[in-house]
Amino acid sequence: MSRRNESLAWLLPVALLGAAAAGVAAVLGTSKPSAVPPTDKQTPAEPLPTIAWFGGSSRDNIDALAFLFASENEHGSLLLWALQALAANTFAKQLGRAHAQVKSIADMLRSGIHKPTRKRLYELAWGPQYDKTAKVKRWAATSAGQHPGRVAWHFFEFAERLLKNQIALHELRGRRGEAMPPESDWGRMTSFLQYEGFGETVLRQAGEEAETDPDKVLASWGSPRLIASVEGVRFYGH
């Protein structure tokens, strides 16, 4: 679990680094000449990853991811949130190929399966992953969106920068020292599971009739490949 202040630290503009570097250069410029001739060559910064986000950096997508982060793992690390966004992006693309109504990550997160009829519903309100009253199961919870004014600004800030490819994903770390999986796996993640404390979460959200054994749930998913594990949350794909 991550402290909120730590999350904010990752959001400091890159421009601050440039300002610090300029200050150092000014100090060095007043010292005596070095025996080593100066050079204009600088080590180029590693380019930021370019992700094709389904639906782009629209207001709907920003809100959807912010509500996802705030609902599923409010105190999670930026790494955890980024992985959830990547999994949502891949699943939304897959769903969009089969369902014309889904044209963005937001559309996917506002859709769900009606358990009695097994039909997919669209343009749902933001809500829990499993709505016991409506008997609708979403891909993930977005219930924070029911009270958007209570959602802290840094959720929206991170979501927007993520969708605009302004985050150095390779540098993100989890609360337990976890690192980002290889880039080749980013587009393979399609789901995640709160493995630690799974039973308690299910009982709270879905009631006693739901399956509380995470391994049985994974078996029902076809035993997908484990790609990453961050702060008790496991990410799966193909």
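How many bridges join strand β6 to β7, and do they run parallel or antiparallel? Five bridges join β6, residues 225–230, to β7, and the two run antiparallel. Before going on, the source of all this: it is a predicted model, where local features need pLDDT of at least 70 and side-chain atom pairs count only at pLDDT 80 or more, while totals for chains, interfaces and linings use all residues. Residues are numbered from 1 along each chain as its sequence is written, and side-chain values use heavy atoms, with hydrogens and water left out.

Helices (H or I, at least four residues) and strands (E, at least two) are DSSP runs, numbered from the N terminus. Two strands count as paired if DSSP finds at least two bridges between them.

Back to β6 and β7. Alanine 228 is opposite phenylalanine 235 in β7, and valine 230 has valine 233 of β7 as its bridge partner. The hairpin of these strands has two residues between them, and glutamate 231 takes a positive phi there, near 55°.

On to strand β5, residues 189–194. Five bridges join β5 to β7, residues 233–237, again in antiparallel fashion. Leucine 193 stands opposite arginine 234 of β7. β5 is mostly covered, with five of its six residues buried (buried is under 20% relative accessible area, exposed over 50%, partly exposed in between, with a 1.4 Å probe and protein chains only).

Put together, this is an open sheet of three strands in the order β5-β7-β6, with antiparallel pairing. β5 and β6 are at the edges with a single partner strand each, so one side of each has no neighbour in the sheet. From one strand to the next, the twist averages 25°.

Now the helices. Helix α3, residues 59–72, packs against helix α6, residues 153–163, at an angle of about 125°, with the axes 8 Å apart. Axes are lines fitted to C-alpha atoms, for helices over the stretch in contact, and angles run from 0 to 180 degrees between N-to-C directions. The pair is therefore oblique; under 35 degrees is roughly parallel, over 145 roughly antiparallel, 65 to 115 roughly perpendicular, and the rest oblique.

Which residues make the contact? Among them are Ile62, Leu65 and Phe69 of α3, and Phe155, Phe158 and Leu162 of α6, where contact means heavy atoms within 4.5 Å.
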